Amino acid sequence: MPASEQDDDGGVESPRGLTDDALTVAVEHARDWIASYPDRRVPAEGGADDAADRLGRTLPEHGVPPAEVVELLAEAVEPALMASGSGRFYGWVMGGTLPAALAADWLVSAWDQNAGMRDSTPGVVAVEEVAATWLLDLFGLPPTASVGFTTGATMANFSCLAAARDAVLANVGWDAPVKGLSGAPGIRVLVGAESHGSVELALRYLGLGTPEQVDVDEQGRMFPTALASALEASDGPVIVCLQAGNLHSGAFDPFAQLTDIAHRAGAWVHVDGAFGLWAAVTPALASIAAGLDSADSWATDAHKTLNTPYDCGVAVVTDAARMRSSFRLHASYLLTASTVDPYEAVPELSRRARGVPVWAALTSLGRQGVVDLVDGLVAAARGIADGLEQIPGVRVLNDVVYTQVCVACASDELTRAVYAAILTEGQIMPSASVWRGHAVIRFSVSSWRTGPDDVRATVEAVTRAVAANV
Ligand SMILES: *Cc1c(COP(=O)(O)O)cnc(C)c1O
């Protein structure tokens with residue numbers, strides 16, 4: 001191996017040459033993959049088993065040169081990829097990737113910084129700190145709040161709820177970080193009846209069991225009267241989980257009323273805003289986002305609405321000291337910053353600098369660009385809803401207040417058949433779901449690429465699928 005980079009002539013066998021070759025092949029494949037969106041099927045072709053066969057299932061006895069590894073990978077796997085970056089992809093709630101965020105993410109891998117400690121990797125920590133400040137500003141949340149970059153909203157919910165758990169127990173004199181949960185006073189956790197499954201998962205990880213469900217209206221919004229009666233005569237530790245962005249309807253809980261009721265009962269209020277917290281950035285959605293800022297913690301994703309690559313979630317807790325005391329670790333080998341270290345706001349110690357693509361996305365968009373991005377997703381969702389409503393036999397089931405559109409046909413059977421026809425054709429990809437007891441086809445508009453042409457193509461694709469089934 002060459003003694004230094006100067007001695008490395010970049011020849012094919014040198015470390016620099018091998019790296020250059022591998023990166024060049026990766027760039028070519030990445031460009032071709034992204035350029036293929038307009039013409040390719042959106043759903044994946046074949047299954048994981050076929051792709052594994054193409055990769056080869058036997059560990060090579062001797063190594064393969066890096067460029068060939070990347071070539072093999074791309075050739076074997078690309079047919080089996082779902083084109084989630086396409087403007088005609090509406091499955092689940094999955095964003096695309098903005099160009100600057102994608103390129104910044106590559107640098108994050110090349111730089112290979114462990115972003116946990118402020119003083120050892122100051123470059124990427126600075127980027128994340130700036131991104132965090134901008135996020136708080138965009139969301140209208142307190143500038144002193146703690147911000148942690150997690151793998152996604154599931155772990156953001158987990159992080160926030162860890163702080164919530166420790167805080168409500170501290171309020172009754174129980175030091176959970178020291179004493180644990182054995183023998184601790186019981187915590188009541190209340191969630192809306194249509195809360196996302198990841199909240200329940202996070203609560204389970206935290207030893208809080210399955211939460212109590214509070215009744216919701218026909219759009220999935222928690223009834224304030226139901227919360228008030230659930231909290232009547234409640235005097236122990238309580239956590240209330242609200243939702244910004246119902247998975248099926250896109251609806252927002254009435255935050256101002258609900259947080260007022262919860263806070264009067266001494267509860268911690270957490271908001272799962274995986275994709276919905278972004279409504280707070282745009283004046284156009286001020287009415288549904290009203291009161292969001294009155295909660296105590298918020299979870300959101302960057303890999304959904306902001307269109308950064310996987311994986312990136314964001315955990316925000318107003319009481320930064322509380323967050324730190326839940327995640328602080330005392331270890332002699334750590335280089336501890338005089339201020340706050342990134343690992344004090346998330347469950348991981350070592351992690352990639354996943355906040356860097358957030359900074360890149362925000363910088364490339366600018367404040368107005370973030371507003372336009374969110375407004376554009378909502379406009380596309382409304383365009384899809386308006387178009388689908390014109391198709392005889394198709395009903396739009398939700399009030400399209402945000403990015404979600406749920407439709408159904410005359411029967412569950414027909415809805416499923418139409419969905420199957422849509423997937424077989426492959427021009428668009430919504431997701432199949434069950435909402436309020438009925439089969440639905442759900443469009444989650446999450447990609448910065450979705451424009452008027454995609455909206456038109458989407459309505460046409462559904463029209464064809466319906467026509468084929470009547
Ligand atoms: C996607 C989503 C989650 C989970 O987020 P991940 O990034 O998949 O961990 C939580 N809540 C809601 C409302 C979501 O849409």
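How many helices and strands does the chain have? It has 15 helices and eleven strands. The model is predicted.

**Overall dimensions**

The chain has 470 residues and a radius of gyration of 24 Å. A compact globule with that number of residues would come near 23 Å, so the chain agrees with the rule. The C-alpha trace spans about 75 × 70 × 45 Å along its principal axes. Buried residues make up 50% of the 470. One pair gives a sense of scale. Asp 49 and Leu 169 lie 120 residues apart along the chain, and their C-alpha atoms are separated by 48 Å. Asp 49 belongs to helix H2, residues 48–55. Its relative accessibility is 56%, so Asp 49 counts as exposed.

**Enclosed strands**

Is strand S6 enclosed or open, and why? S6 covers residues 297–301, and five of its five residues are buried, so it is largely enclosed by the rest of the structure. In a regular strand the side chains alternate between the two faces of the sheet. Here, Ser 297, Ala 299 and Asp 301 point one way from S6. Trp 298 and Thr 300 point the other way. All of these residues are buried.

S6 has partners in S5 and S7. Strand S5 (residues 268–272) runs parallel to S6, with three bridges between them. Val 271 has Trp 298 of S6 as its bridge partner. Strand S7 (residues 313–317) runs antiparallel to S6, joined by five bridges. In that pairing, Ala 299 is bridged to Ala 315 of S7.

Strand S1 (residues 146–150) pairs with S7 as well. The two are antiparallel, over five bridges. Gly 148 has Ala 315 of S7 as its bridge partner. Ala 315 is also the partner of Ala 299. Five of the five residues of S1 are buried, so S1 too is largely enclosed by the rest of the structure. Ser 146, Gly 148 and Thr 150 are buried on one side, Val 147 and Phe 149 on the other.

**An open sheet**

Four strands form an open sheet in the order S8-S9-S11-S10, with antiparallel pairing. Its edge strands are S8 (395–396) and S10 (431–435), each pairing on one side only. Strand S9 (residues 404–408) and strand S11 (residues 438–444) are joined by four bridges and run antiparallel. Cys 406 has Arg 442 of S11 as its bridge partner.

**The ligand site**

Which residues come nearest to the ligand? There are 13 residues around it, and Thr 154, Asp 272, Asp 301, His 303 and Lys 304 come nearest. The shell divides into four nonpolar, six polar and three charged residues. Asp 301, one of the nearest residues, is also one of the buried residues of S6.

| Residue | Protein atom | Ligand atom | Distance |
|---|---|---|---|
| His 303 | polar side-chain atom | oxygen | 2.8 Å |
| Ala 153 | polar backbone atom | oxygen | 3.0 Å |
| His 196 | polar side-chain atom | nitrogen | 3.4 Å |

On its own, the ligand has 380 Å² of accessible area, and the protein covers 84% of this.

Is Glu 128 buried or exposed? Its relative accessible area is 3%, and the cut-off for buried is under 20%. Glu 128 is therefore buried. Glu 128 sits in helix H5, residues 122–139. Its side chain makes a polar contact of 2.7 Å with the side chain of Arg 351.

**Backbone exceptions**

Most residues other than glycine have a negative phi, and most peptide bonds are trans. Several places in the chain depart from this.

The loop between S6 and S7 contains Asn 307. Phi of Asn 307 is near 60°, a positive value. At 0% relative accessibility, Asn 307 counts as buried. Asp 311 lies in the loop between S6 and S7 too. A cis peptide bond joins Tyr 310 and Asp 311, with omega at about 0°.

Asp 112 also has a positive phi, near 55°. It lies in the loop between helix H4 (99–111) and H5. Asp 112 is exposed, with a relative accessible area of 64%.

Methods
Residues numbered from 1 in each chain as written. Predicted model: local features only at pLDDT ≥ 70, side-chain atom pairs only at ≥ 80, totals over all residues. Heavy atoms only, no water. Near = heavy atom within 4 Å. Polar contact = N/O pair within 3.5 Å; in protein donor to acceptor, adjacent residues only side chain to side chain. Areas by Shrake-Rupley, 256 points an atom, 1.4 Å probe, with all protein chains shown as cover. Nonpolar A, V, L, I, M, F, W, Y, C, P; charged D, E, K, R; others polar. Buried < 20%, exposed > 50% of the residue type's maximum accessible area, 1.4 Å probe, protein only. Pairing = 2+ DSSP bridges. Rg over C-alpha atoms; globule rule 2.2 N^0.38 Å.
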